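Let's walk through this structure together, one question at a time. Take a look at the model first, and then follow along.

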Amino acid sequence: MAALQRIPVFLLMLLPVAVVGVAVAYYAVNFPFRDDYALQDQLLRFRPQDSPAHAFRYLAYPHQGQLIVLTRLVFLVCLIVGGTLNYYALALIGFGFLVGILVILYIAFRRAGLPPVYFIPVPFWLFSLQSYETLLWPTAAIQTYSQMVLVLITFYLLARAGRQIRLVALVPAVLALFSGSSGLVALIACMLVLFRQRHWRSAAIWAVTLILCLGVYPSTSALPPVNMPAPAVSLSARIESFLYTVGSFADLTAGLPGRDHQQGLSVGMGIVLVMGCGYFLVRLVINAFRRQNLPFWDDFFLASSLFLLMLALTSIPVSPGAPAIGLPGQNRLTSALLVSVVYLYSVYRWRFYAFRRWEAISVTLSTVVLSLLSSYWSLEGIVYQHRQTLVSYVNWLQNTPAGQQQVIRTIHDPSATPFFQQIARLTGPAALTVDAGTRLDSLREEPDQYVFVQEGTASPTPTHPDNGTYILLTSPDRQYLFAAWPAKPVRVPASPEAPRSTPNLFYAQIPKENLRPGRYRIGFLTNEPANARLNMTNQYILFSPADQPPNGQSAQPVAVQ
(Lines give C-alpha, C1' and ligand atoms only; values in the text may rest on other atoms or scores of the structure.)
Protein backbone atom coordinates (compact mmCIF):
# COMPACT_ATOMS: atom_id res chain seq x y z
CA MET A 1 0.00 0.00 0.00
CA ALA A 2 2.83 2.40 0.84
CA ALA A 3 4.37 1.77 -2.58
CA LEU A 4 1.07 2.60 -4.31
CA GLN A 5 0.77 5.83 -2.35
CA ARG A 6 4.18 6.90 -3.60
CA ILE A 7 3.26 6.53 -7.29
CA PRO A 8 1.56 10.00 -7.54
CA VAL A 9 4.58 11.53 -5.77
CA PHE A 10 7.03 10.06 -8.28
CA LEU A 11 4.79 11.01 -11.20
CA LEU A 12 4.75 14.61 -9.98
CA MET A 13 8.54 14.53 -9.66
CA LEU A 14 8.85 13.32 -13.25
CA LEU A 15 6.55 16.03 -14.66
CA PRO A 16 9.21 18.76 -15.11
CA VAL A 17 11.72 16.14 -16.30
CA ALA A 18 9.25 15.05 -18.98
CA VAL A 19 8.45 18.65 -20.02
CA VAL A 20 12.11 19.58 -20.53
CA GLY A 21 12.98 16.18 -22.05
CA VAL A 22 10.20 16.42 -24.65
CA ALA A 23 11.28 19.98 -25.52
CA VAL A 24 14.90 18.91 -26.02
CA ALA A 25 13.86 15.89 -28.11
CA TYR A 26 11.59 18.06 -30.30
CA TYR A 27 13.74 21.17 -30.80
CA ALA A 28 17.29 19.75 -30.83
CA VAL A 29 18.80 19.38 -34.30
CA ASN A 30 21.76 17.57 -35.79
CA PHE A 31 23.77 20.77 -36.38
CA PRO A 32 26.68 22.28 -34.43
CA PHE A 33 26.47 25.60 -32.61
CA ARG A 34 29.28 27.97 -31.58
CA ASP A 35 31.98 25.95 -29.73
CA ASP A 36 30.76 22.76 -31.39
CA TYR A 37 32.51 23.90 -34.57
CA ALA A 38 35.86 24.21 -32.77
CA LEU A 39 35.61 20.72 -31.23
CA GLN A 40 34.58 19.37 -34.63
CA ASP A 41 37.62 20.92 -36.35
CA GLN A 42 39.95 19.63 -33.62
CA LEU A 43 38.66 16.10 -34.11
CA LEU A 44 39.81 16.35 -37.71
CA ARG A 45 43.18 17.86 -36.77
CA PHE A 46 44.15 15.09 -34.35
CA ARG A 47 42.38 12.22 -36.14
CA PRO A 48 41.86 10.29 -32.87
CA GLN A 49 40.64 7.24 -34.79
CA ASP A 50 44.21 6.65 -36.00
CA SER A 51 45.90 5.74 -32.71
CA PRO A 52 45.49 6.06 -28.91
CA ALA A 53 48.23 8.71 -28.89
CA HIS A 54 46.20 10.94 -31.21
CA ALA A 55 43.11 10.39 -29.08
CA PHE A 56 45.03 11.43 -25.95
CA ARG A 57 46.30 14.59 -27.70
CA TYR A 58 42.72 15.45 -28.64
CA LEU A 59 41.45 14.93 -25.07
CA ALA A 60 44.30 16.99 -23.57
CA TYR A 61 44.04 19.87 -26.05
CA PRO A 62 43.03 23.08 -24.17
CA HIS A 63 39.86 24.92 -25.15
CA GLN A 64 39.83 28.65 -24.32
CA GLY A 65 42.61 28.16 -21.79
CA GLN A 66 41.14 25.18 -19.92
CA LEU A 67 40.84 21.43 -20.33
CA ILE A 68 37.45 19.87 -21.12
CA VAL A 69 38.43 16.21 -21.03
CA LEU A 70 35.00 14.72 -20.35
CA THR A 71 33.27 16.81 -23.03
CA ARG A 72 35.87 15.81 -25.62
CA LEU A 73 35.61 12.19 -24.48
CA VAL A 74 31.85 12.21 -25.14
CA PHE A 75 32.43 13.66 -28.63
CA LEU A 76 35.13 11.07 -29.31
CA VAL A 77 32.96 8.14 -28.19
CA CYS A 78 30.05 9.46 -30.31
CA LEU A 79 32.33 9.57 -33.36
CA ILE A 80 33.81 6.11 -32.77
CA VAL A 81 30.49 4.41 -31.99
CA GLY A 82 28.38 6.11 -34.66
CA GLY A 83 31.06 6.72 -37.26
CA THR A 84 29.94 10.37 -37.43
CA LEU A 85 29.08 13.18 -35.05
CA ASN A 86 25.38 13.35 -34.24
CA TYR A 87 24.59 16.62 -32.49
CA TYR A 88 21.02 15.59 -31.81
CA ALA A 89 22.29 12.60 -29.83
CA LEU A 90 24.87 14.79 -28.09
CA ALA A 91 22.13 17.19 -26.94
CA LEU A 92 20.21 14.23 -25.50
CA ILE A 93 23.39 13.05 -23.74
CA GLY A 94 23.73 16.51 -22.19
CA PHE A 95 20.14 16.26 -20.96
CA GLY A 96 21.00 12.83 -19.52
CA PHE A 97 23.72 14.44 -17.38
CA LEU A 98 21.10 16.87 -16.04
CA VAL A 99 18.99 13.87 -15.05
CA GLY A 100 22.12 12.49 -13.35
CA ILE A 101 22.29 15.61 -11.14
CA LEU A 102 18.74 14.93 -9.99
CA VAL A 103 19.50 11.26 -9.30
CA ILE A 104 22.52 12.09 -7.13
CA LEU A 105 20.54 14.62 -5.11
CA TYR A 106 17.75 12.08 -4.59
CA ILE A 107 20.22 9.42 -3.41
CA ALA A 108 21.68 11.93 -0.96
CA PHE A 109 18.17 12.95 0.14
CA ARG A 110 17.20 9.35 0.92
CA ARG A 111 20.07 9.19 3.44
CA ALA A 112 18.12 11.71 5.53
CA GLY A 113 15.35 9.12 6.05
CA LEU A 114 12.56 11.47 4.96
CA PRO A 115 9.49 10.60 2.84
CA PRO A 116 9.86 11.22 -0.93
CA VAL A 117 7.12 13.88 -0.85
CA TYR A 118 9.63 16.39 0.53
CA PHE A 119 11.79 15.99 -2.58
CA ILE A 120 9.05 17.14 -5.00
CA PRO A 121 10.21 20.80 -5.32
CA VAL A 122 13.76 19.86 -6.38
CA PRO A 123 12.97 18.58 -9.93
CA PHE A 124 10.88 21.69 -10.56
CA TRP A 125 13.85 23.88 -9.61
CA LEU A 126 16.40 21.99 -11.70
CA PHE A 127 14.29 21.33 -14.82
CA SER A 128 13.02 24.43 -16.56
CA LEU A 129 13.13 25.75 -20.10
CA GLN A 130 14.83 28.86 -18.69
CA SER A 131 18.08 27.05 -19.55
CA TYR A 132 17.04 26.84 -23.22
CA GLU A 133 20.40 28.00 -24.61
CA THR A 134 22.36 25.40 -22.66
CA LEU A 135 19.86 22.60 -23.30
CA LEU A 136 20.09 22.77 -27.11
CA TRP A 137 23.82 23.53 -27.31
CA PRO A 138 25.62 20.15 -27.08
CA THR A 139 29.01 21.43 -25.89
CA ALA A 140 27.49 23.72 -23.25
CA ALA A 141 25.03 21.05 -22.03
CA ILE A 142 27.64 18.30 -21.72
CA GLN A 143 30.23 20.64 -20.23
CA THR A 144 27.92 22.24 -17.64
CA TYR A 145 25.91 19.23 -16.52
CA SER A 146 28.62 16.54 -16.66
CA GLN A 147 30.99 18.60 -14.55
CA MET A 148 28.27 19.16 -11.97
CA VAL A 149 27.62 15.40 -11.88
CA LEU A 150 31.31 14.78 -11.16
CA VAL A 151 31.36 17.44 -8.44
CA LEU A 152 28.24 16.09 -6.69
CA ILE A 153 29.60 12.52 -6.83
CA THR A 154 32.78 13.81 -5.18
CA PHE A 155 30.83 15.55 -2.42
CA TYR A 156 28.65 12.48 -1.87
CA LEU A 157 31.64 10.16 -1.49
CA LEU A 158 33.52 12.64 0.67
CA ALA A 159 30.59 12.95 3.08
CA ARG A 160 30.58 9.20 3.69
CA ALA A 161 32.81 7.73 6.39
CA GLY A 162 35.88 5.68 5.45
CA ARG A 163 39.43 6.40 4.30
CA GLN A 164 39.07 4.22 1.20
CA ILE A 165 35.96 6.11 0.09
CA ARG A 166 37.77 9.43 0.52
CA LEU A 167 40.53 8.17 -1.77
CA VAL A 168 37.96 6.94 -4.31
CA ALA A 169 36.44 10.44 -4.26
CA LEU A 170 39.71 11.70 -5.72
CA VAL A 171 38.87 10.08 -9.07
CA PRO A 172 35.78 12.18 -9.94
CA ALA A 173 37.43 15.23 -8.31
CA VAL A 174 40.48 15.04 -10.58
CA LEU A 175 38.31 14.36 -13.63
CA ALA A 176 36.21 17.42 -12.73
CA LEU A 177 39.39 19.50 -12.47
CA PHE A 178 40.42 18.47 -16.00
CA SER A 179 36.88 18.97 -17.34
CA GLY A 180 36.37 22.66 -16.64
CA SER A 181 37.19 25.63 -14.47
CA SER A 182 34.62 24.67 -11.81
CA GLY A 183 36.72 21.64 -10.87
CA LEU A 184 39.30 23.78 -9.06
CA VAL A 185 36.55 25.47 -7.04
CA ALA A 186 35.19 22.03 -6.11
CA LEU A 187 38.60 20.82 -4.96
CA ILE A 188 38.99 23.87 -2.71
CA ALA A 189 35.60 23.09 -1.12
CA CYS A 190 36.66 19.45 -0.65
CA MET A 191 39.87 20.50 1.11
CA LEU A 192 37.85 22.64 3.54
CA VAL A 193 35.59 19.67 4.31
CA LEU A 194 38.59 17.42 4.97
CA PHE A 195 40.05 20.00 7.34
CA ARG A 196 36.68 20.21 9.11
CA GLN A 197 36.65 16.40 9.39
CA ARG A 198 40.21 16.52 10.78
CA HIS A 199 41.36 13.80 8.40
CA TRP A 200 44.86 15.24 8.12
CA ARG A 201 46.36 12.33 6.20
CA SER A 202 43.61 12.36 3.59
CA ALA A 203 43.87 16.15 3.39
CA ALA A 204 47.62 15.85 2.72
CA ILE A 205 47.01 13.29 -0.05
CA TRP A 206 44.40 15.54 -1.64
CA ALA A 207 46.71 18.56 -1.38
CA VAL A 208 49.61 16.73 -3.07
CA THR A 209 47.27 15.49 -5.81
CA LEU A 210 45.95 19.01 -6.37
CA ILE A 211 49.48 20.42 -6.67
CA LEU A 212 50.49 17.71 -9.15
CA CYS A 213 47.37 18.31 -11.24
CA LEU A 214 47.91 22.06 -11.33
CA GLY A 215 51.51 21.42 -12.37
CA VAL A 216 50.41 19.75 -15.60
CA TYR A 217 47.43 22.04 -16.20
CA PRO A 218 47.79 24.32 -19.27
CA SER A 219 48.91 27.88 -18.67
CA THR A 220 46.31 30.63 -18.68
CA SER A 221 48.36 32.28 -21.42
CA ALA A 222 46.15 30.31 -23.81
CA LEU A 223 43.33 32.70 -22.96
CA PRO A 224 42.62 35.42 -25.55
CA PRO A 225 44.39 38.71 -24.74
CA VAL A 226 42.45 41.73 -23.50
CA ASN A 227 42.81 44.65 -25.91
CA MET A 228 42.21 47.45 -23.41
CA PRO A 229 41.96 47.58 -19.62
CA ALA A 230 38.38 47.65 -18.38
CA PRO A 231 37.42 50.12 -15.65
CA ALA A 232 37.08 48.61 -12.22
CA VAL A 233 33.68 47.42 -11.02
CA SER A 234 32.50 49.06 -7.82
CA LEU A 235 32.10 46.98 -4.69
CA SER A 236 28.35 47.58 -4.59
CA ALA A 237 28.01 46.40 -8.22
CA ARG A 238 30.02 43.27 -7.43
CA ILE A 239 27.83 42.47 -4.44
CA GLU A 240 24.65 43.05 -6.46
CA SER A 241 25.94 40.83 -9.29
CA PHE A 242 26.86 38.09 -6.81
CA LEU A 243 23.44 38.23 -5.13
CA TYR A 244 21.68 38.25 -8.51
CA THR A 245 23.58 35.13 -9.62
CA VAL A 246 22.80 33.37 -6.35
CA GLY A 247 19.10 34.19 -6.66
CA SER A 248 18.75 34.14 -10.47
CA PHE A 249 16.37 31.20 -10.10
CA ALA A 250 13.72 33.78 -9.17
CA ASP A 251 14.10 35.68 -12.47
CA LEU A 252 11.52 33.74 -14.46
CA THR A 253 12.04 35.82 -17.63
CA ALA A 254 15.86 35.91 -17.74
CA GLY A 255 17.09 36.34 -21.31
CA LEU A 256 13.64 37.06 -22.76
CA PRO A 257 13.37 40.45 -24.54
CA GLY A 258 10.18 42.44 -24.10
CA ARG A 259 9.63 41.23 -20.55
CA ASP A 260 10.50 43.06 -17.38
CA HIS A 261 13.25 41.20 -15.55
CA GLN A 262 12.77 40.53 -11.86
CA GLN A 263 16.25 41.73 -10.87
CA GLY A 264 15.09 43.02 -7.50
CA LEU A 265 13.33 39.74 -6.78
CA SER A 266 16.46 37.78 -7.73
CA VAL A 267 18.67 39.96 -5.53
CA GLY A 268 16.19 39.46 -2.67
CA MET A 269 16.26 35.70 -3.22
CA GLY A 270 20.05 35.87 -3.22
CA ILE A 271 20.04 37.68 0.14
CA VAL A 272 17.75 35.02 1.64
CA LEU A 273 19.93 32.18 0.33
CA VAL A 274 23.18 33.78 1.51
CA MET A 275 21.67 34.38 4.96
CA GLY A 276 20.38 30.80 5.08
CA CYS A 277 23.77 29.39 4.08
CA GLY A 278 25.50 31.64 6.58
CA TYR A 279 23.23 30.52 9.41
CA PHE A 280 23.77 26.83 8.73
CA LEU A 281 27.52 27.23 8.08
CA VAL A 282 28.04 29.03 11.40
CA ARG A 283 26.23 26.24 13.23
CA LEU A 284 28.37 23.65 11.42
CA VAL A 285 31.55 25.45 12.49
CA ILE A 286 30.38 25.51 16.10
CA ASN A 287 29.48 21.80 15.99
CA ALA A 288 32.85 21.00 14.41
CA PHE A 289 34.60 22.09 17.62
CA ARG A 290 32.27 20.00 19.76
CA ARG A 291 32.63 16.68 17.92
CA GLN A 292 34.71 15.26 15.12
CA ASN A 293 32.20 13.12 13.24
CA LEU A 294 29.15 14.88 11.82
CA PRO A 295 26.21 13.26 10.00
CA PHE A 296 26.33 12.75 6.23
CA TRP A 297 24.14 15.72 5.34
CA ASP A 298 26.25 18.16 7.37
CA ASP A 299 29.34 17.43 5.31
CA PHE A 300 27.40 17.22 2.03
CA PHE A 301 25.78 20.61 2.68
CA LEU A 302 29.09 22.15 3.74
CA ALA A 303 30.86 21.09 0.53
CA SER A 304 27.94 21.88 -1.80
CA SER A 305 27.08 25.30 -0.38
CA LEU A 306 30.70 26.48 -0.26
CA PHE A 307 31.25 25.28 -3.84
CA LEU A 308 28.12 26.97 -5.22
CA LEU A 309 28.76 30.25 -3.40
CA MET A 310 32.36 30.35 -4.68
CA LEU A 311 31.09 29.49 -8.16
CA ALA A 312 28.69 32.44 -8.03
CA LEU A 313 31.62 34.71 -7.13
CA THR A 314 33.42 33.70 -10.33
CA SER A 315 30.50 34.97 -12.47
CA ILE A 316 30.89 38.61 -11.40
CA PRO A 317 31.41 40.76 -14.54
CA VAL A 318 34.85 42.23 -15.12
CA SER A 319 33.66 45.63 -16.33
CA PRO A 320 30.71 47.96 -15.67
CA GLY A 321 27.66 47.17 -17.76
CA ALA A 322 29.05 43.81 -18.86
CA PRO A 323 26.89 40.70 -18.43
CA ALA A 324 27.70 38.07 -15.84
CA ILE A 325 30.33 35.56 -16.91
CA GLY A 326 28.82 32.30 -18.17
CA LEU A 327 25.59 31.43 -19.93
CA PRO A 328 22.29 32.36 -18.23
CA GLY A 329 21.51 28.63 -18.11
CA GLN A 330 24.77 27.90 -16.28
CA ASN A 331 24.19 30.62 -13.70
CA ARG A 332 20.59 29.49 -13.27
CA LEU A 333 21.79 25.93 -12.55
CA THR A 334 24.09 27.30 -9.83
CA SER A 335 21.16 29.15 -8.27
CA ALA A 336 18.73 26.21 -8.60
CA LEU A 337 21.25 23.82 -7.04
CA LEU A 338 21.87 26.19 -4.13
CA VAL A 339 18.11 26.54 -3.57
CA SER A 340 17.79 22.74 -3.63
CA VAL A 341 20.69 22.13 -1.22
CA VAL A 342 19.52 24.78 1.27
CA TYR A 343 15.95 23.47 1.12
CA LEU A 344 16.93 19.81 1.58
CA TYR A 345 19.28 20.63 4.43
CA SER A 346 16.69 22.78 6.19
CA VAL A 347 14.13 19.95 5.88
CA TYR A 348 16.74 17.58 7.33
CA ARG A 349 17.66 19.92 10.20
CA TRP A 350 14.04 20.71 11.09
CA ARG A 351 12.59 17.25 10.48
CA PHE A 352 11.34 16.92 14.07
CA TYR A 353 9.28 20.11 14.02
CA ALA A 354 5.51 19.70 13.74
CA PHE A 355 5.00 22.48 11.18
CA ARG A 356 7.41 21.02 8.61
CA ARG A 357 4.69 19.19 6.65
CA TRP A 358 2.67 22.33 5.96
CA GLU A 359 5.82 24.22 4.99
CA ALA A 360 6.75 21.46 2.54
CA ILE A 361 3.25 21.48 1.03
CA SER A 362 3.31 25.27 0.53
CA VAL A 363 6.80 25.17 -1.02
CA THR A 364 5.75 22.32 -3.31
CA LEU A 365 2.59 24.02 -4.59
CA SER A 366 4.26 27.40 -5.21
CA THR A 367 7.23 25.73 -6.90
CA VAL A 368 5.09 23.70 -9.29
CA VAL A 369 3.24 26.81 -10.44
CA LEU A 370 6.38 28.96 -10.84
CA SER A 371 8.32 26.26 -12.71
CA LEU A 372 5.54 25.58 -15.21
CA LEU A 373 4.96 29.31 -15.72
CA SER A 374 8.68 29.85 -16.30
CA SER A 375 8.82 27.01 -18.84
CA TYR A 376 5.79 28.45 -20.65
CA TRP A 377 7.38 31.89 -20.89
CA SER A 378 10.69 30.36 -21.98
CA LEU A 379 9.08 28.35 -24.80
CA GLU A 380 9.75 31.27 -27.14
CA GLY A 381 13.38 31.12 -26.02
CA ILE A 382 13.84 27.47 -26.95
CA VAL A 383 12.18 28.15 -30.33
CA TYR A 384 14.67 30.99 -30.84
CA GLN A 385 17.60 28.75 -29.88
CA HIS A 386 16.42 26.15 -32.42
CA ARG A 387 16.34 28.85 -35.12
CA GLN A 388 19.76 30.19 -34.08
CA THR A 389 21.29 26.75 -34.48
CA LEU A 390 19.82 26.40 -37.96
CA VAL A 391 21.03 29.78 -39.22
CA SER A 392 24.51 29.29 -37.72
CA TYR A 393 24.86 26.22 -39.93
CA VAL A 394 23.49 28.14 -42.93
CA ASN A 395 26.13 30.83 -42.36
CA TRP A 396 28.81 28.16 -42.10
CA LEU A 397 27.69 26.71 -45.44
CA GLN A 398 27.54 30.14 -47.09
CA ASN A 399 30.98 31.31 -45.93
CA THR A 400 33.13 28.15 -45.76
CA PRO A 401 35.16 27.02 -48.80
CA ALA A 402 33.77 23.94 -50.55
CA GLY A 403 36.96 21.95 -49.97
CA GLN A 404 36.81 22.49 -46.22
CA GLN A 405 33.13 21.55 -46.17
CA GLN A 406 33.97 18.30 -47.93
CA VAL A 407 36.56 17.44 -45.28
CA ILE A 408 34.13 18.17 -42.44
CA ARG A 409 31.52 15.90 -44.01
CA THR A 410 33.81 12.93 -43.29
CA ILE A 411 32.81 13.24 -39.61
CA HIS A 412 29.51 15.16 -39.81
CA ASP A 413 27.16 15.06 -42.77
CA PRO A 414 23.59 16.01 -41.79
CA SER A 415 20.77 15.31 -44.19
CA ALA A 416 19.23 18.23 -46.07
CA THR A 417 15.95 19.67 -44.76
CA PRO A 418 13.22 21.67 -46.55
CA PHE A 419 14.42 24.74 -44.65
CA PHE A 420 17.87 24.58 -46.27
CA GLN A 421 16.35 23.98 -49.69
CA GLN A 422 14.27 27.16 -49.37
CA ILE A 423 17.31 29.14 -48.23
CA ALA A 424 19.46 27.91 -51.13
CA ARG A 425 16.72 28.87 -53.62
CA LEU A 426 16.30 32.44 -52.38
CA THR A 427 19.77 33.50 -51.28
CA GLY A 428 23.04 33.81 -53.12
CA PRO A 429 24.87 36.56 -55.02
CA ALA A 430 21.65 37.41 -56.86
CA ALA A 431 20.17 38.83 -53.63
CA LEU A 432 22.32 41.94 -54.13
CA THR A 433 20.42 42.81 -57.32
CA VAL A 434 16.88 42.11 -56.07
CA ASP A 435 14.64 45.19 -56.23
CA ALA A 436 13.82 46.76 -52.89
CA GLY A 437 10.42 45.69 -51.58
CA THR A 438 10.42 47.01 -48.02
CA ARG A 439 12.18 49.37 -45.64
CA LEU A 440 13.81 48.80 -42.26
CA ASP A 441 11.82 50.18 -39.31
CA SER A 442 14.41 50.42 -36.55
CA LEU A 443 18.09 49.60 -36.08
CA ARG A 444 20.35 50.53 -33.19
CA GLU A 445 23.91 49.66 -32.30
CA GLU A 446 25.02 48.27 -28.94
CA PRO A 447 28.61 47.59 -27.83
CA ASP A 448 28.61 44.02 -29.08
CA GLN A 449 25.58 43.68 -31.37
CA TYR A 450 23.05 45.29 -33.70
CA VAL A 451 19.38 45.25 -32.69
CA PHE A 452 16.67 45.16 -35.38
CA VAL A 453 12.96 45.76 -34.81
CA GLN A 454 10.61 45.26 -37.78
CA GLU A 455 6.84 45.19 -38.19
CA GLY A 456 4.83 43.29 -40.78
CA THR A 457 6.79 40.09 -40.26
CA ALA A 458 5.83 36.44 -39.85
CA SER A 459 6.29 34.51 -36.62
CA PRO A 460 7.28 30.90 -35.95
CA THR A 461 5.04 28.68 -33.88
CA PRO A 462 6.00 26.07 -31.27
CA THR A 463 5.04 23.33 -33.74
CA HIS A 464 6.78 24.97 -36.74
CA PRO A 465 9.88 26.68 -35.32
CA ASP A 466 11.60 26.92 -38.74
CA ASN A 467 8.92 29.27 -40.06
CA GLY A 468 8.92 33.03 -39.68
CA THR A 469 11.08 35.95 -40.78
CA TYR A 470 14.89 36.04 -40.77
CA ILE A 471 17.34 38.89 -41.43
CA LEU A 472 19.69 38.55 -44.39
CA LEU A 473 22.90 40.56 -44.62
CA THR A 474 24.57 40.15 -47.99
CA SER A 475 27.70 41.53 -49.62
CA PRO A 476 29.55 40.57 -52.83
CA ASP A 477 31.68 37.98 -51.03
CA ARG A 478 29.71 37.00 -47.90
CA GLN A 479 26.19 36.32 -46.68
CA TYR A 480 24.79 36.01 -43.17
CA LEU A 481 21.36 34.90 -42.00
CA PHE A 482 20.12 35.74 -38.51
CA ALA A 483 17.09 34.51 -36.60
CA ALA A 484 14.69 37.00 -35.06
CA TRP A 485 13.17 36.52 -31.66
CA PRO A 486 9.70 34.94 -32.09
CA ALA A 487 7.07 37.63 -32.33
CA LYS A 488 4.57 37.71 -29.48
CA PRO A 489 2.00 40.33 -28.40
CA VAL A 490 4.27 41.60 -25.64
CA ARG A 491 6.02 44.86 -24.87
CA VAL A 492 9.03 44.99 -27.23
CA PRO A 493 11.08 48.21 -27.43
CA ALA A 494 11.03 49.43 -31.03
CA SER A 495 13.14 52.30 -29.77
CA PRO A 496 14.37 53.25 -26.29
CA GLU A 497 11.78 56.03 -26.11
CA ALA A 498 8.75 54.35 -27.71
CA PRO A 499 8.03 50.81 -26.49
CA ARG A 500 4.96 49.30 -28.10
CA SER A 501 3.10 46.03 -28.40
CA THR A 502 2.17 44.30 -31.63
CA PRO A 503 1.69 40.64 -32.67
CA ASN A 504 3.52 40.91 -36.03
CA LEU A 505 6.80 42.42 -34.91
CA PHE A 506 10.19 40.80 -34.47
CA TYR A 507 13.21 41.61 -32.34
CA ALA A 508 16.56 40.45 -33.77
CA GLN A 509 20.01 40.63 -32.23
CA ILE A 510 23.05 40.31 -34.51
CA PRO A 511 26.33 39.73 -32.62
CA LYS A 512 29.22 41.65 -34.13
CA GLU A 513 31.59 38.80 -33.41
CA ASN A 514 29.86 36.83 -36.18
CA LEU A 515 30.43 39.49 -38.84
CA ARG A 516 33.41 40.15 -41.07
CA PRO A 517 34.15 43.80 -41.97
CA GLY A 518 32.22 44.94 -45.00
CA ARG A 519 29.20 46.72 -46.46
CA TYR A 520 26.06 44.59 -46.18
CA ARG A 521 22.70 45.05 -47.79
CA ILE A 522 19.78 44.34 -45.46
CA GLY A 523 16.94 42.01 -46.40
CA PHE A 524 14.17 39.93 -44.82
CA LEU A 525 13.66 36.28 -45.68
CA THR A 526 10.30 34.79 -44.66
CA ASN A 527 9.90 31.03 -44.55
CA GLU A 528 6.30 29.76 -44.59
CA PRO A 529 4.93 26.31 -45.49
CA ALA A 530 3.50 27.35 -48.87
CA ASN A 531 5.28 30.63 -49.55
CA ALA A 532 8.96 31.42 -48.98
CA ARG A 533 9.90 34.94 -50.06
CA LEU A 534 12.77 37.41 -49.91
CA ASN A 535 12.24 41.16 -49.43
CA MET A 536 15.34 43.33 -49.79
CA THR A 537 15.78 46.94 -48.69
CA ASN A 538 17.94 49.70 -50.14
CA GLN A 539 19.63 50.12 -46.77
CA TYR A 540 23.12 48.94 -45.82
CA ILE A 541 25.24 48.33 -42.74
CA LEU A 542 28.84 49.47 -43.00
CA PHE A 543 30.60 47.35 -40.39
CA SER A 544 34.13 47.96 -39.18
CA PRO A 545 35.37 46.48 -35.85
CA ALA A 546 37.43 49.63 -35.22
CA ASP A 547 34.20 51.64 -35.07
CA GLN A 548 32.71 49.62 -32.18
CA PRO A 549 31.97 51.72 -29.07
CA PRO A 550 33.99 50.85 -25.95
CA ASN A 551 32.50 48.28 -23.63
CA GLY A 552 30.05 49.81 -21.19
CA GLN A 553 28.82 52.71 -23.37
CA SER A 554 25.12 53.09 -24.02
CA ALA A 555 23.54 51.92 -27.25
CA GLN A 556 23.38 54.43 -30.11
CA PRO A 557 21.21 54.56 -33.23
CA VAL A 558 22.93 53.35 -36.39
CA ALA A 559 23.08 55.45 -39.51
CA VAL A 560 22.07 53.08 -42.29
CA GLN A 561 22.92 54.01 -45.84
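Q: At roughly what angle do the axes of helix α8 and helix α15 cross?
A: In this predicted model, α8 covers residues 138-159 and α15 covers residues 296-313. Their axes come within 8 Å, and α8 passes α15 in a right-handed crossing. The angle of that crossing is roughly 145°.

Q: How many nonpolar residues does the contact of α8 with α15 have?
A: On the α8 side, the contact is made by residues including Met148, Leu152 and Phe155. On the α15 side, Phe300, Ala303 and Phe307 are among them. Asp299 of α15 takes part too, and aspartate counts as charged. By class, the contact has 1 charged residue, 1 polar residue and 11 nonpolar ones, so the number asked for is 11.

Q: How far apart are the axes of helix α11 and α15 where they pack?
A: Helix α11 spans residues 182-197 and packs against α15 at an angle of about 145°. The crossing of α11 and α15 is right-handed. Their axes are 9 Å apart.

Q: How do the residues of the contact of α11 with α15 divide into nonpolar, polar and charged?
A: From α11, the contact includes Val185, Ile188, Leu192 and Arg196. From α15, it includes Asp299, Leu302, Leu306 and Met310. Sorted by class, these contact residues come to 12 nonpolar, 2 polar and 2 charged.

Q: Which residues lie nearest the centre of the second largest pocket?
A: This pocket has a volume of about 920 Å³, and 26 residues line it. Nearest its centre are Arg34, Tyr37, Ser392, Glu513 and Asn514.

Q: Which element gives the largest share of the lining of the second largest pocket?
A: The lining residues divide into 12 nonpolar, 8 polar and 6 charged. At least two lining residues each come from α2 (35-46), α18 (379-399), β4 (479-483) and β7 (505-511). The largest share, 7 residues, comes from α18.

Methods:
Residues numbered from 1 in each chain as written. Predicted model: local features only at pLDDT ≥ 70, side-chain atom pairs only at ≥ 80, totals over all residues. Heavy atoms only, no water. 1 Å grid on protein atoms, 1.4 Å probe; cavity = no way out; pocket = protein on both sides within 12 Å on 5 of 7 lines; lining within 4 Å. Points joined across faces, edges and corners; volume = space filled by probe spheres on them. Helix = DSSP H or I, 4+ residues; strand = E, 2+ residues; numbered from the N terminus. Axes fitted to C-alpha atoms, helices over the stretch in contact; angles between N-to-C directions. Left-handed = near helix turned anticlockwise from the far one by under 90°. Contact = heavy atoms within 4.5 Å.
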